[in-house]
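Colleague: Hi! I am new to reading protein models, and I would like to learn how to read one feature at a time. Could you take me through it?

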Amino acid sequence: METSKVLKDMASELTKSMKPESIPLISAETSSEFVNKRVSKDQEKPVLKKNSKSALILKAGYTKEKRMFEVTMMAVFACLQLSLLLIVGSNFQKENIGAFILSIVFGALLADFGSGFVHWAADTWGSVEIPVIGQAFIRPFREHHVDPIAMTKHDIVETNGDNCMIANLILAPTLIRCFLYGDGWILENFNFLVFTATLAVYVCLTNQIHKWSHVVSKLPRAVKVLQDLHVILPRHHHHIHHISPHETYFCITGGWLNYPLEKIKFFQTLEIIIEACTGFKPRNDDQKWLKG
């Protein structure tokens, strides 16, 4: 009976969540115009402001130990990625150009989905009080919502260190196989190596791309061109996510999958299932910091 009730409640919530809502893939409107359309009637202004008190507390959580870890991860990434690129470059055959390009596309798409899933998980669940991961990994997400511009002041280490760690977890097993199984395995799995190299590069650069989407001026011209072409995350596209309560458009590598994932209510459905099974409310900790 209890299981039946849970399933019934889940079905009810899913039905409510399926109400259509117009969210464009790439809006031609300015971010402020789009925000104003998404703000509820009882709010005078969109919630895109800085919460100074919370921001100062969260900023203080960045420690020397965390920075040393990030520097180490970046050094390891440079070695691993260069090794894989050398293997790919020395085994490239132009007759396989079609599969080569497809491998790059799929690697980039998986990186975008991965960025969305990690972003959603860290925004929606957990707390900065959780031992180890709370301060190390959840804290930056909380800081970003209370002070979205703070990350534009982060240097290359603070911006990219954590992402290099994730990329290393992708690269290391692949390189171990390359060295263990030799040239035969490399040739047989060449497209997988291209896919892995692309995935690792995009994972590594995701937070840098995210940072660029918050920079108001002095962006390199090449970055602006890539944003305009939607090769990387466009600025106005990402601002959709920063409308409180930060519950949509989580993908931040290219943002290519935001629209389809929103249309099928992918993350909303996961939230309904998790809340029904555990009783935990989505973004409970995040809202606490936003309120100060």
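Modeller: Gladly! Let us begin with a cavity, which is a set of grid points where a 1.4 Å probe fits but cannot get out. Keep in mind that this is a predicted model.

Colleague: How many cavities of 30 Å³ or more are there, and how much space lies in the largest cavity?

Modeller: The count is two cavities of 30 Å³ or more. The largest cavity holds about 60 Å³ of space. Its lining is made by E247, T248, Y249, F250, N258, L261, E262, F267 and Q268. Helices α11 (258-263) and α12 (266-278) each give at least two residues to that lining, and α11 has the largest share, with three residues. Sorted by class, the lining of the largest cavity has four nonpolar, three polar and two charged residues.

Colleague: And how do I read a pocket? How much space lies in the largest pocket?

Modeller: A pocket, unlike a cavity, is an open set of points. Here the largest pocket contains about 790 Å³ of space. It has 38 lining residues, and those nearest its centre are V118, F137, F141, D162 and N163.

Colleague: Which helix supplies the largest share of the lining of the largest pocket?

Modeller: That is α6, with nine residues. At least two lining residues come from each of α4 (64-91), α5 (97-124), α6 (133-146), α7 (156-188) and α8 (190-212). By class, you will find 18 nonpolar, 13 polar and seven charged residues around the largest pocket.

Colleague: Next, single residues. Is T124 buried or exposed?

Modeller: A residue counts as buried under 20% relative accessible area. T124 has a relative accessible area of 2%, so T124 is buried. You can find T124 in helix α5. Leaving aside residues up to four places away in sequence, T124 touches F250, E271, K281, P282, R283 and N284. There is also P245, which sits 121 residues from T124 along the chain, with 10.0 Å between the C-alpha atoms of the two.

Colleague: What about aromatic rings? How many aromatic pairs does a search of the whole structure find?

Modeller: The search finds 11 aromatic pairs. Take F117 and W120: their ring centres are 5.5 Å apart and their planes meet at 55°, so this pair is tilted. To call a pair edge-to-face, the planes must be over 60 degrees apart.

Colleague: Where do F117 and W120 sit relative to each other in helix α5?

Modeller: They are three residues apart in helix α5, so about one helical turn separates F117 from W120. F117 is partly exposed, because its relative accessible area is 34%, whereas W120 counts as buried because its relative accessibility is 3%. W120 also pairs with W125: the ring centres are 6.3 Å apart and the planes are at 85°, so this pair is edge-to-face. Both W120 and W125 are buried.

Colleague: Which residues do ring pairs link into a cluster?

Modeller: The cluster joins F113, F117, W120, W125, F250, F266 and F267.

Colleague: Last one! How many disulfides are there?

Modeller: The general idea is that a disulfide is a covalent bond between the sulfur atoms of two cysteines. In this model the count is zero disulfides.

How values were computed
Residues are numbered from 1 along each chain as its sequence is written. This is a predicted model: local features need pLDDT of at least 70, side-chain atom pairs count only at pLDDT 80 or more; totals for chains, interfaces and linings use all residues. Side-chain values use heavy atoms; hydrogens and water are left out. On a 1 Å grid over the protein atoms alone, a cavity is a set of points where a 1.4 Å probe fits but cannot get out, and a pocket is an open set with protein on both sides within 12 Å along at least five of seven lines; lining residues have an atom within 4 Å of a point. Grid points are joined across faces, edges and corners, and a volume is the space filled by probe spheres set on the points. Helices (H or I, at least four residues) and strands (E, at least two) are DSSP runs, numbered from the N terminus. Ala, Val, Leu, Ile, Met, Phe, Trp, Tyr, Cys and Pro count as nonpolar, Asp, Glu, Lys and Arg as charged, and the others, Gly among them, as polar. Buried means under 20% relative accessible area, exposed over 50%, partly exposed in between (1.4 Å probe, protein chains only). Contact means heavy atoms within 4.5 Å. Rings of Phe, Tyr and Trp (its six-membered ring) pair if their centres lie within 6.5 Å; planes under 30 degrees apart count as stacked, over 60 as edge-to-face and the rest as tilted. A disulfide is a pair of cysteine sulfur atoms within 2.5 Å.
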